[in-house]
Each structure stands twice: as C-alpha cells, then as structure tokens.
Amino acid sequence: MTIAAASTQGTLIERVLKLNWGIITLLVALAFIGVLMHFSVSSGAWTDMPLTHGMRFAVLLVITLLAAMFLDTRFWLAIAYPLYAGALLLLLAVEVIGETRMGATRWLSIGPISLQPSEIMKIAIVLALARYYHQLDPRRTGSVLWVLPAFIMIGAPVALVMHQPDLGTAMLILFAGLAVMFLGGLLWRIIAVGAGVAISGAVFAYNNVLHGYQRDRINVFLGLADDPLGAGYHVLQSKIAIGSAGLFGRGYLQGSQSQLDFLPEKHTDFIYTMIVEEFGLFGGFLVLGLYVALMGLAMQVALRARSLFSRLAAAGVAATLASYVFINTAMVIGLAPVVGIPLPMLSFGGTAMVTLMSGFAIVLSVDLHRDQHGARGLLW
Amino acid sequence: MKFPQRGKKIGPTLPKRDVNLIFTRRATLLSLGGLGAAGAIGFRMAQLQATDAVSREYTRAADENRFDTRIVPPPRGIIYDRFGIVLAQTSKDYQVSVVQNDVDDMEEVVSRVAAILGHDADWARRVILRVRGGSHYEPEPLQVGLTWEEFNAINVRLPELRGIVANSTDVRAYPFDVVYAHPIGYVQKPSQRDIDRALANPEQGASRATYLRNPQVRVGKAGLEASLEPVLHGDAGWRKVIVNARGVEMGEDEDEARQPVPGSGVVLTIDHELQRTAMQSFGDQAGAAVVMDIYNGDILVMASAPTFDPNHFVNGIGQAEFDVLNGDEKKPLFNKAVSGAYPPGSTFKTMVGIAAKQAGVDDDWHVNCPGYFPFGGRNFHCWKSGGHGQVNLHRAMRESCDVFFYQAALRAGPERIAAVARTFGFGVAHDITLPNVEDGLVPDPDWWFANRHERWTAGLTVNYGIGQGSLLVTPLQLCCMAARVANNGKAVKPRLVREAPGVVEPGAPRDLEGIAPEHLSAIRQGMFGVANEPGGTAMRAGNMIQCVRRPDGVIVEASGAPPGCTPVQIAGKTGTSQARVISAAERASGVRHDSQLPWHLRDNALFVSFGPWDDPRYACAVVMEHGGHLNPQLDAAPISAMILRQTFLRDPARRPPARLAALENRAGRQA
C-alpha cells in the first residue's frame with residue numbers, strides 16, 4: 001500500500017458518513033440551546049440576536065465540516081508553525097498599531113476586517129506545540145533544555161495578550177499550551193518546579209502586573225473585599241439567580257433576574273446563569289453534561305488517533321474547550337474571578353465561536369483522517 | 001522496528017520514553033481532572049440552592065430585586081362650602097412627558113411636541129435642558145396642565161413621537177383659584193424641613209420620611225390645607241410592582257396591593273356666593289372682610305385682598321413668581337382676615353362705650369367738643385376740627401366724636417376698657433382651625449409696665465378711647481366683637497369648619513360675663529345711628545342696603561318701602577386708624593390729605609356692622625388697608641354694605657346646609 005493510497009479517503013459520501021457525528025450533534029445541540037436562550041434574552045421576541053446566533057453557527061458549521069473533510073492532518077501539521085509565527089507577528093502589530101476599544105488594545109483593523117490576533121493564537125499555540133512535541137525526539141522530552149522552547153512559545157503570546165490587557169484570553173492560551181506540554185510528556189519534576197514558580201509568579205503578577213480592576217475582581221472573589229455594587233455586582237446577581245432557581249428553574253422566559261435586567265451580560269459571559277435560572281439545576285447539569293460529553297468525544301478522537309501530532313492537537317482543542325467551559329461556569333457561580341470568558345456555542349458573539357469551530361474543524365479532520373499515516377507509523 | 005525499553009538510558013543522560021503510553025495515561029488523568037472540575041461546579045451549584053437557608057436567602061434577594069413597593073398617595077379629601085360647592089378637589093392633570101431612553105432624536109421630537117402645543121424653539125431648548133437632568137427611564141414631564149384638547153392632539157400623534165408619553169396624574173385643584181387662596185391655602189411638595197421633622201420622630205419617622213420623599217405626595221402648606229392635614233390627607237396605599245434593574249415597572253402583583261384610604265371631606269361654614277362677592281368687591285385694594293352668623297359663629301365670608309392663585313403652588317411655584325408675590329407691599333400671600341393686626345381706631349369706641357357705661361356714664365352725661373381736648377399739656381384732636389358741641393354717648397357714637405371718648409376713657413379707666421375688650425374677643429387668637437391666627441394686643445397698665453418698662457400715663461388712656469396706641473386687632477376679632485354686640489352679649493365663637501371628623505357641633509353660647517344687656521342696647525342704638533340717622537358717619541352706606549323684609553319674613557330687593565314691608569337696616573361703626581404720627585408742625589400747616597401720601601402711610605379704613613336691624617343675624621367687619629377713605633365706592637363702609645346686602649338677600653343662615661355624609665356619598669359614586 002502506498003502512502004497515496006492510504007491517504008485517499010474515499011468518495012464525498014463516504015467522508016460525510018465517516019465524520020464524527022457525535023461531536024457534530026453535541027455542537028448543534030449547544031448552539032440550539034444558545035438560540036433558545038438568546039430568544040429569552042430578547043424577552044421572547046425574534047430579534048436579531050437569536051437569529052444572528054443561529055445563522056452564524058450554521059455558516060461556521062458548514063465551513064468546519066468542509067474543512068474537516070477536505071483538509072487532512074498533513075495540512076494542519078504544515079500550517080502549525082507558520083500560523084503560530086503569523087499570530088505572534090499580529091500580536092506584536094497589535095502592540096504597535098492596535099485599536100483600543102473599551103480600555104483594551106485587542107483589535108487589529110486591516111481594511112474592513114477587524115480581528116483579534118489573540119483568538120488565532122488560541123488555536124495556533126495548540127498546533128505549534130503539538131508539532132513541536134511531535135517532532136521532538138521522545139528522549140529529549142524530559143530534558144530541561146528542550147522544555148525551554150515550549151515555554152517560550154507559550155510565554156511570548158501570553159505576555160503580549162496580558163499586556164493588551166486580556167487576562168481571560170491569556171489564561172486560555174496558557175492553559176491550552178500547558179495541557180499540550182503535559183500530554184506531550186513533560187517530566188513531573190519539571191511540573192513540580194513549574195508549579196512553584198507559577199505560584200510565586202502569580203503573587204508577583206497580582207502585585208505588579210495586574211490592573212486595578214482585575215485586582216478588585218480577585219479581591220472580591222477571595223472574600224478580601226466586599227463590593228456588591230461594583231466588582232462583586234455581577235457575581236452577586238448571578239449567585240442570586242442561580243440560588244433562587246430551584247430544581248427546575250423559574251421556567252423559560254420567566255427568570256426574574258435575567259428578564260428584569262438585574263443580571264448583567266446575560267447574553268454573553270453570564271448566559272449560563274440565565275440557563276440555570278430559567279431551567280434550574282436540571283438545565284444547568286444538562287448543559288454541563290453536554291460539554292463533558294463533547295470533551296469526552298474530543299478526547300476519544302485524541303486517544304484513537306495514530307500520530308502524536310493528531311493526538312496532541314485534538315486533546316489540545318479539548319483542553320481549550322474545557323478551559324472555556326470551566327472558567328466561565330466557575331466564574332458565574334463565584335468559584336473563579338470574573339475574567340470575561342464566554343461559554344462556547346452559547347454566548348453571543350462571533351469571536352469565540354470562530355475560534356472554537358476552527359478547533360473542532362481540526363478535531364473532526366484528525367478523526368476523519370486518523371488512518372492516514374506515514375512510513376514511520378506516525379506521520380512522515 | 002523495535003522500541004527500546006522504557007527508562008533505559010540512551011546516550012549519556014536521556015531516558016527513552018514511550019510517548020504514546022505517556023499520552024494515554026496523561027490524557028486519562030486530564031479527563032479525570034475535567035470530570036472533577038465539572039463535578040465541583042455541579043456540586044457548588046447544587047449547594048447554592050440545595051441548602052435550605054442559603055436558597056431562601058437567595059430567593060428573598062431575587063424577590064427584593066424583582067419587587068418594588070410603589071406608594072399610592074390617597075386622594076385628598078374634598079373641601080366643600082356650606083352648601084356643598086366643591087372648593088378644593090383632587091382632579092386629573094394631563095401631562096406630556098418624555099422617556100429619554102426611548103428617544104432617538106431629542107431635539108426633533110421635542111420640537112414636534114412644541115409645534116403641537118404652539119410653543120417656540122426657545123421653549124423646546126429650555127425644556128430639553130431641564131429634562132436632560134432627570135431620569136432617563138421614567139417619564140419626565142415636558143409640560144403639565146395640558147387642556148383636554150392639547151392632550152388629545154398629543155395623543156393622536158403619539159405613534160410618530162417615539163419616546164413621548166401622554167399621561168395624567170392626580171393633582172390638587174382649586175376650581176375658584178384666587179377666591180379661597182387664604183382660608184383654604186394650598187398643598188405643596190413636602191419640604192426638607194417636613195422630612196427632617198418626620199425623621200426626628202422615633203416612631204415610624206423613617207417610613208414617614210420615605211413617604212414624604214415620594215414625588216407624588218403633597219402636604220398642606222397654608223390655610224386649612226395645612227391645619228386639617230391629618231383629616232384631609234387619608235392613608236396611603238401601595239402596589240407591589242415588578243421592576244427591572246433600572247426600576248422601570250414591568251408588571252404588578254395585584255394580590256399584594258392595598259387601596260389607599262381617601263382623605264375625609266370637609267364642609268366649611270363659608271358661603272361661596274358671598275365669598276366671591278366679597279373678594280370681587282375689593283378690586284385691587286388691600287384689605288380683609290369677615291362675615292359671621294352672630295348666633296352660631298359660622299364664618300360666611302373670609303376675604304383677604306389682594307390674593308393669588310393657589311393652583312400655582314401645587315406643582316412648585318417658580319422663584320420669579322414667588323418673589324413677586326412675596327415682595328408685594330400689599331402682601332397677597334398673607335391672610336389679613338386672621339393674621340393682619342391693625343389699630344381698630346374708632347370701631348373701638350363700642351368697647352370704650354360699654355366700659356364707660358359700666359363706669360356709670362348715662363345718656364345725660366354730656367361733653368363739650370370744641371374740636372380738641374386739652375390734656376396733660378397737649379391737645380388731643382377730634383377728627384372734626386370745628387368740634388361737635390355738646391355730645392352724649394349716643395351722639396358721640398353716631399358722629400364718632402373723639403373728644404367724648406377721650407373723656408369717657410378717662411372715666412372708665414384703662415383696666416376696665418381692656419377687660420371689656422377681652423370679653424368681646426380682642427387679645428385672644430380665636431380657634432378657627434387655621435394656622436397663624438394672630439391674637440392682637442389689648443394693652444393695660446400691667447402689660448405696659450412689663451413690656452415698655454414705664455408707668456401707664458393718663459395720656460395713653462385718652463388715646464385708648466379712640467382705639468389708638470399699641471392696641472391691635474384682627475378683622476376676625478372685629479367681626480366677632482360686632483357679633484357679640486349684636487347677639488346681646490352671647491359668647492359666640494367663630495368657626496370655619498362646619499363638619500369634619502373630630503369637629504364637634506358647638507353648644508349654645510354662654511352669656512358674656514359682666515356685660516349688662518342695657519349697656520349693649522345703648523351701643524347698638526349708637527351703631528344704628530351711625531348708619532341711619534342724620535349726622536351718622538356711615539349714612540351713605542346705610543342707604544345702600546335697599547332691601548325690605550316682606551311680611552312672610554323673606555328679604556327682597558326694593559328701593560322704596562312697599563306696603564306691608566319693613567325696610568332692612570344695618571348698624572355699624574366706622575373707624576380710621578392712622579398708619580403714621582401727625583406732628584404738631586404738620587397739623588399747624590394743615591394735615592396732608594391721604595391722596596398726597598405714599599400708599600403705605602395712608603390711613604386704614606375700618607367698618608364693623610351687623611344686621612338686619614329688626615332681627616340681627618349677621619355681623620361684618622371690613623378693613624381697607626391704607627384705603628384712606630379716598631374712593632367713596634371702595635371705602636370700608638360701602639363695601640360692608642354691599643356684602644351685607646348680598647348676605648341679607650341670600651340669608652344663608654336660613655337655608656339648609658349640606659351634610660358631609662351625603663356629599664361624600666355623591667363624591668364616592670362619581671369616583
């Protein structure tokens with residue numbers, strides 16, 4: 001069997017049938033709940049919001065499926081480094097010519113297109129590190145010297161994004177990168193030392209790097225400060241909504257906290273609160289379960305892939321998804337400071353959806369082309 | 001291809017590791033971590049509501065967020081005249097307001113409203129400036145007090161006026177505006193002082209203060225509105241409304257509402273027809289008039305001029321308008337009928353006459369009046385510079401001879417005069433449920449020594465005889481005095497409120513202590529002479545009555561005396577009180593006529609009267625401030641005659657008064 005024969009994935013129909021329909025179903029289910037919730041955010045009216053959300057997902061799903069079917073693992077491997085380099089350059093460009101909106105310099109305007117390079121970086125970091133560990137001699141994974149490039153690959157974008165400032169995105173890049181490093185075989189010794197450095201670094205960052213509003217949020221979260229109308233308002237209102245919801249909630253379109261606008265940002269960062277308020281503990285667990293299932297399927301894709309790159313890329317996307325979901329839900333119930341991370345497929349807004357759908361394009365592609373392998377039994 | 005054993009060192013230092021095995025193990029570990037995170041979040045969420053106390057706490061917090069108690073001010077009690085005419089009521093005020101948050105283009109939409117209402121661009125600019133400072137989510141009034149037509153004109157164009165609201169609110173309205181500005185007064189928004197005073201009260205002070213801060217709440221600030229506040233106000237109700245985070249009402253929990261208890265109605269003793277006549281008769285003069293039923297004390301007229309429109313105060317009077325009213329030398333804001341204190345002048349001769357009678361003066365006691373009375377080294381002048389010649393009490397009353405009363409006062413003595421004056425109601429604040437009732441001043445030697453720190457002199461007694469000096473009386477006291485003279489010495493007490501919760505019907509008045517009926521009779525005869533006998537100082541006023549009593553007792557208009565009818569006559573006493581001291585030098589060079597004096601230095605003209613002579617029922621007192629007897633039509637006596645003539649023809653005391661219960665029923669049905 002030649003490589004060419006092995007990489008031929010059959011007819012279009014065969015490819016469609018071979019797609020991981022479990023993942024697709026979960027994505028569609030989550031997006032549908034999103035449309036439902038945005039309908040409720042609009043107080044039960046077909047405003048632009050639920051329609052936009054649904055349309056946006058539909059378009060992105062089609063692109064994702066096409067990408068998964070027609071782009072194979074080699075493509076992702078090939079673009080890993082250029083994508084990362086490009087994203088890093090764009091992040092540097094943001095530093096220089098970035099556009100400041102609401103006190104943060106995150107956007108880059110190129111003609112009519114306005115983009116956040118930090119979002120590209122969320123995927124690029126996963127691909128780049130996957131490729132790095134894929135190509136690294138397994139014997140060297142344990143070496144401190146060969147850990148350094150990976151750390152730099154993570155550290156550079158994280159530092160740039162922190163400086164924008166965008167704590168949430170920096171955390172997501174960091175977590176995704178660390179997850180890939182961990183899965184790539186980082187020695188436990190190094191992990192232990194790294195954790196020690198991280199804690200002291202966090203203390204240092206808290207005192208010297210973080211902005212006043214970020215510190216406020218963390219203080220409120222840690223119970224060091226009480227500010228029900230300022231930094232603590234969002235979380236307080238969110239906890240009131242969740243705490244008063246009961247087992248089955250107040251009913252669709254009936255959540256008093258969200259319908260009466262006590263809950264801020266209910267269509268974006270706090271949409272989970274609205275779900276729990278209107279559908280209760282039951283609804284909250286259901287949505288959480290959908291995410292856990294999605295992560296599990298992505299992990300399954302990683303485990304049955306044949307190359308380390310595929311495995312690390314799919315698992316990295318799963319880790320990114322997990323970071324989004326757990327940081328967001330922990331935030332709305334007061335277990336994590338408010339850092340402005342949306343809930344995948346549910347929160348309104350295109351940026352996060354594009355990022356995550358790109359991630360799932362990789363996962364689906366890796367799954368579809370899992371039998372494709374090179375002469376070494378892995379990839380080329 | 002053979003993989004080396006895991007852990008076996010390749011080269012000098014590096015162990016060979018199975019990346020696939022490591023990945024599988026670590027992926028499992030990471031997945032377990034993810035499940036743990038999901039579990040922790042699920043547990044925390046369950047904890048937020050499963051723990052009973054915590055959940056209740058959060059449910060209560062959600063309800064507190066969601067529900068807001070909106071105060072519903074009670075409809076204020078209606079004020080009626082004695083026959084049931086509505087003098088003060090709660091009515092609808094039509095307004096056009098703007099909800100700024102719903103407006104796309106403020107300038108455009110307000111200028112369209114301005115066009116509909118016929119205002120100019122300047123109005124629109126000013127209104128926008130004012131509104132911008134207000135709420136962005138609640139309606140902010142652009143204009144209040146719209147007519148029904150204007151309100152409808154706005155209403156039909158509402159679809160094209162995004163953000164504009166046409167609404168109506170309850171407002172206190174005084175349909176006869178200026179006529180009752182003084183007795184009824186007005187309501188206003190509670191002042192900071194009201195709120196502070198409520199807060200100082202430990203019992204319910206805080207909730208009362210919260211209530212007072214409600215923008216719809218009005219409290220009585222002047223007149224009966226102020227003194228009857230507890231009766232008129234009623235009890236507030238509330239509605240439990242569902243609000244959003246900006247406080248905008250989204251719905252209502254109707255089970256939790258409490259209806260407000262309307263304030264109680266109040267029936268006054270005033271007769272609207274007479275009150276209006278009296279108010280009109282003052283023209284642009286300043287003064288006061290009081291008409292009273294001499295048997296039960298019902299005040300039929302309480303007029304004070306000039307006046308103002310109390311409706312302007314209800315929604316907050318502008319500073320400019322208030323400054324004009326407050327700065328006017330004729331004091332329109334001031335209820336002269338009960339709060340104005342004046343020297344009574346010759347009207348006080350009634351009291352001096354009684355005191356003299358008590359001191360033994362009889363009809364044979366004559367005094368020679370050469371036009372002045374030399375006493376204590378100076379001359380006390382009579383108003384009639386040529387003098388009256390020989391006068392006794394009757395003639396002295398009729399022609400108001402000062403010299404007679406100088407000597408009568410000396411004979412009676414200041415203590416006796418003061419005692420009589422107090423018996424007739426001077427020097428005390430009559431309780432007529434109004435705020436700021438003036439008590440006046442009845443001086444006597446003790447008072448003089450205590451307050452002026454010098455001995456009373458006989459010269460003061462002489463002056464006392466013609467009602468000058470430090471003596472001060474109010475129009476209400478003058479009227480009360482006339483009533484007590486007319487009813488033959490009954491201690492009738494004036495009252496303004498006929499029926500209201502807590503107001504009891506007064507019993508029959510007792511007799512005045514130490515007042516002999518024959519003395520009063522002599523004084524009444526003198527007062528009759530004033531208005532009806534040649535030489536009387538108010539003959540012209542007496543002739544203005546022009547009414548007769550028919551055989552059946554009804555009084556009708558008639559210029560002559562038709563057969564079987566008896567003419568209706570009045571009795572009275574004129575008075576002039578100087579607002580200045582006339583120096584000897586001025587007197588020598590000729591006293592300046594009032595027309596040459598600035599308004600505030602001119603004499604006050606007074607007239608107390610009662611009638612009808614054959615069967616007295618009504619007493620009247622009129623004070624024309626600085627009227628100076630300049631205009632014979634607008635002098636105190638002719639105005640009294642005009643008012644009394646109307647009173648006789650209407651004869652309100654003999655008509656059945658309205659009953660509060662029936663009026664409240666009617667009002668309740670209409671509401």
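Me: Before we start, what counts as a helix or a strand here?
Reply: Helices (H or I, at least four residues) and strands (E, at least two) are DSSP runs, numbered from the N terminus. On that basis chain A has 15 helices and three strands. Keep in mind that this is a predicted model, where local features need pLDDT of at least 70, side-chain atom pairs count only at pLDDT 80 or more, and totals for chains, interfaces and linings use all residues. Residues are numbered from 1 along each chain as its sequence is written, chains are lettered from A and ligands numbered from 1 in the order in which they are written, and side-chain values use heavy atoms, with hydrogens and water left out.

Me: OK. How much of chain A is buried?
Reply: Of its 380 residues, 54% are buried. Buried means under 20% relative accessible area, exposed is over 50%, and partly exposed is in between (1.4 Å probe, protein chains only).

Me: And what share of the chain A contacts comes from residues 24 or more positions apart?
Reply: Among contacts with a separation of 6 or more, 74% are between residues 24 or more positions apart. A contact here is heavy atoms within 4.5 Å.

Me: I'm looking at H4 in chain A. How far does it reach?
Reply: Helix H4(A) covers residues 48-70, 23 residues in total, and spans 33 Å from its first C-alpha to its last. That is close to the 33 Å expected at 1.5 Å a residue, where the expected span is 1.5 Å times one less than the number of residues.

Me: Which of its residues are buried, and what do they pack against?
Reply: The buried ones include Pro50(A), His53(A), Phe57(A), Leu60(A) and Met69(A). The buried residues of H4(A) pack against helices H2 (12-18), H3 (21-41) and H15 (350-368) of chain A.

Me: Switching to the interface. How many residues does each chain put in?
Reply: Chain B has 41 residues in contact with 48 residues of chain A. The two chains bury about 4000 Å² between them, with 69% of it on carbon and sulfur atoms. Phe23(B), Arg26(B) and Met45(B) supply 19% of the area that chain B buries against chain A, more than any other three residues. Buried area is the accessible area (1.4 Å probe) that two parts lose on being put together, summed over both.

Me: How many salt bridges and polar contacts between the chains?
Reply: There are zero salt bridges, a salt bridge being a side-chain nitrogen of Lys or Arg within 4 Å of a carboxyl oxygen of Asp or Glu. Three residue pairs are in polar contact, both at pLDDT 80 or more. A polar contact is a pair of N or O atoms within 3.5 Å; within protein, one must be able to donate a hydrogen and the other to accept it, and residues adjacent in sequence count only if both atoms are side-chain atoms.

Me: Which elements of chain B make up its side?
Reply: Helix H1 (19-50), helix H2 (52-66) and strand S8 (237-243) of chain B each give two or more residues. H1(B) has the largest share, with 22 residues.

Me: What about phi at Asn436(B)?
Reply: Asn436(B) has a positive phi of about 55° although it is not a glycine. Asn436(B) lies in the loop between H17 (414-423) and H18 (445-452) of chain B, and counts as exposed because its relative accessibility is 65%.

Me: What does the backbone oxygen of Asn436(B) lie 2.7 Å from?
Reply: A polar atom of the Ser339(B) side chain. Ser339(B) is in helix H13 (336-339) of chain B, and it counts as buried because its relative accessibility is 12%. Leaving out residues up to four places away in sequence, Ser339(B) touches Phe334(B), Asn436(B) and Glu438(B).

Me: Last one: is Lys357(B) buried or exposed?
Reply: Buried, because its relative accessibility is 14%. Lys357(B) is in helix H14 (349-358) of chain B.
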